[in-house]
Amino acid sequence: MAVSGPRIGVFGGAFDPPHKAHRALVEAALAQLDLIELRIFPTGQAWHKDQALSPAQDRLAMARLAFAGFPRTQVDAREMLRSGPTYTLDTLRELQRERPGAQLVLIIGADQAASLEKWHGWQDIVSMAIIAVAFRAAVAGAAGQGAPRILPSPPPGARFEQLDIVPTDVSATDIRARAARSDDLSALVEPAVARYIEQHRLYRTP
Ligand code: ATP
C-alpha cells in the first residue's frame, strides 16, 4: 500500500551501456521527485530483453562510472546477484522490508510504462510504489505532451507522476551499433564509460 514516508527512488535498467538519457532521468528524478535517496539497479537476467546482455561485471562497472557524482544516489548490485530472472517486484519487496515506512517511487521510461501490464506482478508493483514516468522523444510526440496515460484501467490506489526530461532519442541499442562501427560515443555516454567500452572492447560485434 502507498505510504507517505520519505521517498526512495528506484531506477532499474540493463545499462548496456548507461547513457546520457539515463543520466538525464536521474538528474530529473533528484530534482523533481523529492527523494531522500535514489537506488539504481542494473538488471541481472532481464526477463523482457531479447538480446543477450553484456556480462554483469561490465554493466555494473559502467553504471558506477556513469552515475558517480550524483548526490543521494547509489548503484545497488543486488539484482545481478540474484539467481534466475530479475523481477522488479522482488526488489521492491526487499526494499520495503529494509525501509519500512518509506514511499518507493519507481522511475521508468515511457516505453517501459506502455508495457507495464506485462510485468511480473504489476498489480502488486503499482500498489507498492508510485510510478514516475519519463517521456522519450518519440513517445512524447505521439502522446502530444499530454498527461501520462499509463494503464487503460489502473487499479484503485495506483499513483502515477510525470517526470519531465528534455526528450532525447538516445538508446543503448543505437550506442552498441555505433560502438560496433568504432564511431565516436562521446556525445552519448560519459567519457569514463566511453573509455571503459574502448578498453574492454565491448560491442565490437554487431
Ligand atoms: P536498449 O536500447 O538496449 O533497449 P535502453 O536505452 O532502453 O536500452 P535501458 O537500460 O533498457 O536502456 O533503460 C533503462 C530505463 O531507462 C528504462 O526505464 C527506459 O525506458 C529508460 N530510458 C532509456 N533511454 C531513455 C530515453 N532516451 N528517454 C527516456 N527514458 C529512457
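Modeller: Of the contacts in the protein chain with a separation of 6 or more, 78% are between residues 24 or more positions apart; a contact means heavy atoms within 4.5 Å. This is a predicted model, in which local features need pLDDT of at least 70, side-chain atom pairs count only at pLDDT 80 or more, and totals for chains, interfaces and linings use all residues. Residues are numbered from 1 along each chain as its sequence is written, and side-chain values use heavy atoms, with hydrogens and water left out.

The protein chain has 206 residues, of which 47% count as buried. Buried is under 20% relative accessible area, exposed is over 50%, and partly exposed is in between, with a 1.4 Å probe and protein chains only. Its secondary structure comes to 9 helices and 8 strands, taken as DSSP runs numbered from the N terminus (helices H or I, at least four residues; strands E, at least two). The mean pLDDT, the predictor's confidence in each residue from 0 to 100, is 88, and 86% of the residues reach 70 or more. Over residues 138-147 the pLDDT stays under 50, and the model has 5 contacts beyond four places in sequence for them. Where pLDDT is low, the predicted coordinates should not be read in detail.

The part to look at is helix 2, residues 56-67. From first C-alpha to last, its 12 residues reach 16 Å, close to the 16 Å expected at 1.5 Å a residue; the expected span is 1.5 Å times one less than the number of residues. After helix 2 comes Gly 69, with a positive phi near 95 degrees. Asp 58, Arg 59, Leu 60, Met 62, Ala 63, Ala 66 and Phe 67 are the buried residues of helix 2. Their cover includes helix 1 (20-32), strand 2 (35-42), strand 4 (73-75), helix 3 (78-81) and helix 9 (191-199).

Phe 67 also belongs to the largest nonpolar core, which has 39 residues; Phe 67 and Ile 107 touch the most other members. Such a core is a set of buried Ala, Val, Leu, Ile, Met, Phe, Trp, Tyr and Cys residues joined through side-chain atoms within 4.5 Å. Two or more residues each come from helix 1, strand 2, helix 2, strand 6 (103-109), strand 7 (129-134), helix 8 (172-180) and helix 9. Helix 1 gives the largest share of this core, 6 residues. Neighbours within four places in sequence aside, Phe 67 contacts Phe 15, Pro 18, His 22, Arg 23, Val 26, Ile 40 and Val 75. Another core, of 22 residues, lies apart from this one and has Leu 92, Ala 110, Trp 119 and Met 128 among its members.

With 10% relative accessibility, Asp 76 counts as buried. Beyond four places in sequence, Asp 76 touches Arg 39, Ile 40, Phe 41 and Pro 42. A polar atom of the Asp 76 side chain lies 3.1 Å from the backbone nitrogen of Arg 78.

Asp 76 and Arg 78 are also members of a salt-bridge network, together with Glu 37, Arg 39, Arg 82, Glu 94, Glu 98 and Arg 99. A salt bridge here is a side-chain nitrogen of Lys or Arg within 4 Å of a carboxyl oxygen of Asp or Glu, and the structure holds 13 of them. In one of these, Arg 78 pairs with Glu 94, with the closest N and O atoms 2.8 Å apart. Arg 78 is in helix 3 and Glu 94 in helix 4 (residues 88-98), so this pair ties together parts 16 residues apart in sequence. Arg 78 counts as buried at 17% relative accessibility, whereas Glu 94 is partly exposed at 23%. Arg 78 also forms a salt bridge with Glu 98, again at 2.8 Å from N to O. That pair links distant parts of the chain, helix 3 and helix 4, across 20 residues. Glu 98 is partly exposed at 42% relative accessibility.

Conventions
A polar contact is a pair of N or O atoms within 3.5 Å; within protein, one must be able to donate a hydrogen and the other to accept it, and residues adjacent in sequence count only if both atoms are side-chain atoms.
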